[in-house]
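Visitor: I am new to this structure and would like to understand how its descriptions are reached. Could we look at it together, one term at a time?

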Amino acid sequence: MIGGLFIYNHKGEVLISRVYRDDIGKGPFPNCFHKVGCTESYRMRNAVDAFRVNVIHARQQVRSPVTNIARTSFFHVKRSNIWLAAVTKQNVNAAMVFEFLYKMCDVMTAYFGKISEENIKNNFVLIYELLDEILDFGYPQNSETGALKTFITQTGIKSQSKEEQSQITSQVTGQIGWRREGIKYRRNELFLDVLESVNLLMSPQGQVLSAHVSGRVVMKSYLSGMPECKFGMNDKIVIDKQGKGGATEEQSIAIDDCTFHQCVRLSKFDAERSISFIPPDGECELMRYRTTKDIILPFRVIPLVREVGRTKLEVKVVIKSNFKPSLLAQKIEVRIPTPLNTSGVQVICMKGKAKYKASENAIVWKIKRMAGMKESQISAEIELLPTNDKKKWARPPISMNFEVPFAPSGLKVRYLKVFEPKLNYSDHDVIKWVRYIGRSGIYETRC
Amino acid sequence: MEWANQLCENRQFGSKMTDSKYFTTTKKGEIFELKAELNSDKKEKKKEAVKKVIASMTVGKDVSALFPDVVNCMQTDNLELKKLVYLYLMNYAKSQPDMAIMAVNTFVKDCEDANPLIRALAVRTMGCIRVDKITEYLCEPLRKCLKDEDPYVRKTAAVCVAKLHDINAQLVEDQGFLDTLKDLISDSNPMVVANAVAALSEIAESHPNSNLLDLNPQSINKLLTALNECTEWGQIFILDCLANYTPRDDRESQSICERVTPRLSHANSAVVLSAVKVLMKFMEMLPKDLDYYSTLLKKLAPPLVTLLSAEPELQYVALRNINLIVQKRPEILKHEMKVFFVKYNDPIYVKLEKLDIMIRLASQANIAQVLAELKEYATEVDVDFVRKAVRAIGRCAIKVEQSAERCVSTLLDLIQTKVNYVVQEAIVVIKDIFRKYPNKYESVIATLCENLDSLDEPEARAAMIWIVGEYAERIDNADELLESFLEGFHDESTQVQLQLLTAIVKLFLKKPTETQELVQQVLSLATQDSDNPDLRDRGYIYWRLLSTDPVAAKEVVLAEKPLISEETDLIEPTLLEELICHIGTLASVYHKPPSAFVEGSRGVMHKRLPARTGSGESTESPDVGAAGGSAPEAAPSIIPSQGDLLGDLLNLDMAPPTTSGPPPPSTGMQMGGMDLLGGGLDSLMGDESEPLGGDIGGSPAMGAGFGAAPAVMPASLNAPVGGGLGDLFDLGGVGMPMGAYIPPKIVWLPAMKAKGLEISGTFARRAGVIQMELILTNKAMSVMTDFAIQFNRNSFGLAPAGPLQVLTPLGPNQTIEVSLPLSTVGPVMKMDPLNNLQVAVKNNIDVFYFSCQYPISMLFVEDGKMERQVFLATWKDIPNDNESQFQIKDCHLNSDAASSKLQGSNIFTIAKRTVEGQDMLYMSIKLSNGIWVLAELRVQAGNPNYTISLKCRAPEVSQCVFQCYEAVLKN
């Protein structure tokens, strides 16, 4: 299991160090100053230093998120310029270690916002307290922020009554660790966001090389008691199962795969494909899914790059919007890469604003809004400096960003029913809101 | 510590609590000041001081001098302060063991606190204080906490047992904590169960042979129930534990799989991967024709693909695992090629892994797409990635023959880019393509030669030199090219030097007139001026070859090369099996067994996939390709009688076997022993080319030798066989017993009729097993591989009991001896003559047919000795019409010699009668299909002609049986 957890700043200085197991101090680590006869805590520092020297200060780019130095394995993730490293000497479950590191980041963010050096230093006691609670002898324990916040707070520990104490422990260890009892709202309300990111890789000839939508259903609920919820969408398998019954006007979609928040009863989904759960209070990501069939590609990019002699490039890019004319896409941005030896660029665009950004080696074309079934065009002349460089320009793909008010996968929420048998509110009393947002993921066209 | 000196806003002014000021240090007398503050009366001040101490500890300052002062703060009801002090204790207790005892009292007290949070905190911290003196004081509080009413305390105590075990394993065993821990597996709270499982798994790992976890269907059921209810982490612990279980049969395996499958939809990738591990492992046990098996295969693909939308670090872990899964079960992801296409912004480690998997999935169906992608990648920035992409194009060419041409032209395009490392990489792979498809793409050599000067990497230079040498006759200026390399011979790496030496010798053999000087130059460079022994040796060998026998030199140096395999970089099957058992873990990321990177006893245990054991009957034998190293497993199944004895010996288990069944006739046993020796040695040497067994027991010469010594059975024959190899050797040395008759090998399939493949062979019965002994000779010019054999239906249902074991390719003029065990359970059809066998042999060139006749004595089984009474009754019972009489001429054996000789071939003499100087021998024979043949052999002293009468319910066999008598007696 995890032997220790360290947090470093960008210089490689240790901000947090928590050792769970002795074995990780036993080097010998190469490139590390090794004191003879040093104390336990100094030996621990060897592992700390080994990571700094071999990973943070390494000259080349990071070639692997898992590094083995002197039979000690270091797992790391980076958040802005903060490094989180988990260290072990055993054959641990690697996927679990990374999941834990992400979770650790989530928990810290939930407690004090952005993960920055400043915030970590300001909250180091809290972080130690959290680490003590969510990782015991290197085994991850309950790490749901909802539960943690009931007894680990930034303002010191409140003295709790006996009932409160047992409520906390039963929640932390209980079957429904993500929700506490006795929540009350005057108004029962819930918000569902269907957030999709549509990914595309298109060849210069307009052939779709790969396309998929990865979507999330995010639920914000303000419901009293322990509400039992049931979620339904136009999943092809469910609709086909229900048969002819009037579902003909409804388009169904084929979901390749989906994963659920731990509140969802997986065995029930496996058996009946119904999604039932008791939601955590507040926001949670109910479900993630992936589709590859019948995706609505909101934009089509048509590139045309022509080399005119050795010192000039002509680029023409047309974008076409491909959705209902009544809908509006927003925050459209097209990024056209330029060669490293670009000396000057002249751009003309029909709509929006375009700029050559030398520091990013790209022409960035921004359009605030664009309705469906429209077309727009940009053309640019790129002057190049003559170079001796034999290597050809790699021509990175043209990428695009946008936001559209529909789900490119075609997913529709059919219902979200709420039952709370103990309290006197019914499904009809709950105010429900549904919103669809489709964003670009990696939306690239090769040129 | 620069940042530790930063001044931060004072806490009193901000509403936000800030702790960073504790990192501030006043350099001089810091420890002293802290000491004063720690002993302050004010609680707030104390807490501040402890925070400062912890901050110093974090940045690596030694604050162990404050130990007594900090421990003094422990007795407090302020939970926050208590936690801080505990944190300090965990860090420094070991360096101050005597002082640490001061803390014991507080722990004991805290373990009885009314607040479960404090009880848990105490038991959690206690275990982290690794001081031997203290541990025994902690046993009582721990025992209480393991049975605490609050699940939160119990789940913490469960982990504490693992901690204590790490410090003092003996103590944990003596105190009976392991049993308490086992009881917790049945706890009502799922999280307690999960932590108990985690602790037990860890403890069990350091006792590989203890049956600590004691997984049985009942406990598995408990775990599966807890699986549905516990936290994501608990699910991982339970799944990882489940993966160590071996279900009893396929039904149990299936029911566990069914209950684990829902986990594939969990949001936590580690849960998904651990579930995949369990499924991949248990699937091994399911029959392949089961509907559920294919359903399961289909269910595995989507979650694996979904893992690729996780964050890059997890993607990397997933990809390394998918790499293993694709090698083990390529069918799962064969249609998912597109998801492995590289994205421009993927981190390099993800890109490289995706590329690897793309090549593994490349097939004729998707090759066009793959090639287009690879070409795209070859223009990227990262040098490693580009190189790998170029190499991948070469691998595609070798893997998918139809694409080879396109690959070669793509590579040529890339060479035209003149990017140095691309060119070099391309040349290296083109060399491999030449090896795979000789005489096909040589037209590109000219283009390659243009780039000669830009090659600066040894591998590329060596590859180019190989090409020039191999195709020297087609390159006009080959001598000039090679000569140009020769100038800096001593600066080249060994790889290049060796290649250059060989290439010039090749050139000389092809164009001897113009290159005499060159070859002399290189030979002297290699032998006289080099310090490298490999190079010198190779030089001398060539030199001697060339000077003594140029024709032989030509045969050696210009010999046809064996084909290279299609798949490269495959993980060796037993390692792959082990890694499949470690899916999700570091081992699967490193692609190394845990023993390669874990110290001590942990992880030394090698895990293996379970073998298929059906609860229902299924005659299907284990998939040979999938279950690597199946030779020992297959052995018992091809040896129907004496199976356990043989099996034991083959496994080189030297314990004397305790066979309680009726001992088989001694001669047969003898033969068995001898053959075992051969077989055992064979498998020891791991080579089929020179089977020792064949020499000892199988050659016709030996058979003749047996005949020459018509001795009475030596007494030693009754000694127990299998007392060890020594015994076997003894037996071989003492009495040469009668062997079963083995006809000499004859040519069954002449090379003329089979495109150069000549097959001769014979049949033998050894230790109750019918063997078809074949000699395959390759008289063609090309290498032969992929041998397989099949029989047509025949009278006695003879069929190969295993595949034809020709493991290495058969080179030109090579000969290989193979013995093929036969079974008699194949399909039956009456043949004419009865003992005719039609055989089809396939190799990489074609399929060939021939027919041969086997002596029916192969089918005489060892238990063919009939009781006298039964014999008499049967003899009378069989109608006289079924009797046939034959004459055996020119046989000079007396009746006793004949009898013992016949016994070697399982023809048993039941009784002997002498009437008027005529010996009457009554004999019985049993055929493998249960037919009995009774015989009466009349031998007149001084008359070389014997008379034999055969009686059988199936008179058709008589003619064949007679032929056997004749053959046996006359050899």
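Visitor: What covers the buried residues of helix 27 of chain B?

Guide: This is a predicted model, and in it the cover over the buried residues of helix 27 of chain B includes helix 25 (478–486), helix 26 (494–510) and helix 28 (533–548) of chain B.

Visitor: Which residues of helix 27 of chain B are called buried, and what makes them so?

Guide: They are Leu518(B), Val519(B), Val522(B), Leu523(B), Leu525(B), Ala526(B) and Thr527(B); the word applies because each has a relative accessible area under 20%.

Visitor: Why are strand 14 and strand 17 of chain A called edge strands?

Guide: Four strands of chain A form an open, antiparallel sheet in the order 14-15-20-17. Strand 14 (299–308) and strand 17 (342–349) each pair on one side only, and neighbouring strands of this sheet are turned by 15 degrees against each other on average, direction ignored.

Visitor: What makes strand 14 and strand 15 of chain A a pair?

Guide: A pair needs at least two bridges, and strand 14 and strand 15 (residues 312–321) of chain A have 10 bridges in the antiparallel sense, so they count as paired. Pro303(A), for example, stands opposite Val317(A) in strand 15 of chain A.

Notes
Residues numbered from 1 in each chain as written. Chains lettered and ligands numbered in written order. Predicted model: local features only at pLDDT ≥ 70, side-chain atom pairs only at ≥ 80, totals over all residues. Heavy atoms only, no water. Buried < 20%, exposed > 50% of the residue type's maximum accessible area, 1.4 Å probe, protein only. Helix = DSSP H or I, 4+ residues; strand = E, 2+ residues; numbered from the N terminus. Contact = heavy atoms within 4.5 Å. Axes fitted to C-alpha atoms, helices over the stretch in contact; angles between N-to-C directions.
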